[in-house]
Amino acid sequence: LKIPRRDLMEANRKYKLNENYFSKIDTKNKAQILGFIYADGCISKRGHRLGIGIHVKDLDYLEFIKREIEYGGPIYKAKDRDINTLAPSSIKLYESLVNLGLTPRKSLTIEFPQEDKLNSIFYPDFIRGYLEGDGSICNRGFFRKNNSTKILSGMVSFCGTMNFLLKIQEIILKELGIKSHISQKRKLKENNINSHALVITN
């Protein structure tokens, strides 16, 4: 009886995992999770590991990702911080994420995924995931001068590289007709650090 030989990593893996989850982004959930990883995840060539860390109050979201990628491993709680972490290892999963545009130490080099990797129909879900990981939504209240009327103003902001944010800006304007502006803190600009903020206000 011939028994097929399995990939060494698969044979030695302790926990179940859908290694092919990111081979093709063909669902809204996949696009959303990819966006979140772009914002708040990391990959490491050593051990071919994907790391996703989330504040303990958002444990439900981490459990959602765990279910989606069918990962049987544990969620780790950091000893000295209020962070929960998911850290599956897989050559196939790692290579799929690299193919989609992710790189180790991505924060200052990241680019928006090419359309042949991420269909434009999934842009809203990808951007939603990115916002959940590296964006903010808030309401601000202020009074008009010489007037007691309080005005509420909403603000949405994203952080990222200039090229990445320019693509989000283009999509939001084209699809929603909403204008935004991109700015950079003076200290980051003086130190030539490619980190900017895209801001939408009403």
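This is a predicted model: local features need pLDDT of at least 70, side-chain atom pairs count only at pLDDT 80 or more; totals for chains, interfaces and linings use all residues.
Biologist: What share of the contacts joins residues at least 24 apart?

Modeller: Take the contacts between residues at least 6 apart in sequence: 61% of them join residues at least 24 apart.

Biologist: Now a single residue. Where is aspartate 125 found?

Modeller: Aspartate 125 belongs to helix α5, which covers residues 123–134.

Biologist: And how do I read its charge: which side chain of opposite charge is nearest to aspartate 125?

Modeller: A salt bridge needs a side-chain nitrogen of Lys or Arg within 4 Å of a carboxyl oxygen of Asp or Glu. For aspartate 125, the nearest side chain of opposite charge is lysine 28, 4.9 Å away. Aspartate 125 is thus a buried residue with no salt bridge. Beyond its neighbours within four places in sequence, aspartate 125 is in contact with Lys28, Ala31 and Gln32.

Biologist: What about rings? What describes a pair of them?

Modeller: Two things describe a pair of aromatic rings: the distance of the centres and the angle of the planes. A search of this whole structure turns up 12 aromatic pairs.

Biologist: Why is the pair of tyrosine 38 and phenylalanine 126 edge-to-face?

Modeller: Planes over 60 degrees apart count as edge-to-face. The planes of tyrosine 38 and phenylalanine 126 are at 80 degrees, so this pair is edge-to-face, with ring centres 5.1 Å apart. It links distant parts of the chain: tyrosine 38 sits in helix α2 (residues 28–40) and phenylalanine 126 in helix α5, 88 residues apart.

Biologist: Which other ring forms an edge-to-face pair with phenylalanine 126?

Modeller: Phenylalanine 112 does, at 5.1 Å centre to centre and 75 degrees between the planes. Phenylalanine 112 lies in the loop between α4 (91–99) and α5, 14 residues apart from phenylalanine 126. With a relative accessible area of 7%, phenylalanine 112 is buried.

Biologist: Which residues do ring pairs link into a cluster?

Modeller: The cluster is made of Tyr38, Phe112, Tyr123, Phe126, Tyr130, Phe158 and Phe164.

Biologist: Which ring has the charged end of lysine 30 over it?

Modeller: That's the ring of tyrosine 21, with the charged end 5.3 Å from the ring's centre.

Biologist: Last one, backbone angles. What is phi of histidine 48?

Modeller: Phi of histidine 48 is near 50 degrees, a positive value in a residue other than glycine. Histidine 48 is in the loop between β1 (41–44) and β2 (49–55), and at 23% relative accessibility it counts as partly exposed. Glutamate 70, not a glycine either, has a positive phi of about 55 degrees. Glutamate 70 is in the loop between α3 (59–68) and β3 (76–77) and is partly exposed, with a relative accessible area of 39%.

Key: Residues are numbered from 1 along each chain as its sequence is written. Side-chain values use heavy atoms; hydrogens and water are left out. Helices (H or I, at least four residues) and strands (E, at least two) are DSSP runs, numbered from the N terminus. Buried means under 20% relative accessible area, exposed over 50%, partly exposed in between (1.4 Å probe, protein chains only). Lys and Arg count as positive and Asp and Glu as negative; His and the chain ends are not counted. Contact means heavy atoms within 4.5 Å. Rings of Phe, Tyr and Trp (its six-membered ring) pair if their centres lie within 6.5 Å; planes under 30 degrees apart count as stacked, over 60 as edge-to-face and the rest as tilted. A charge sits over a ring if NZ of Lys or CZ of Arg is within 6 Å of the ring centre and within 35 degrees of the ring normal.
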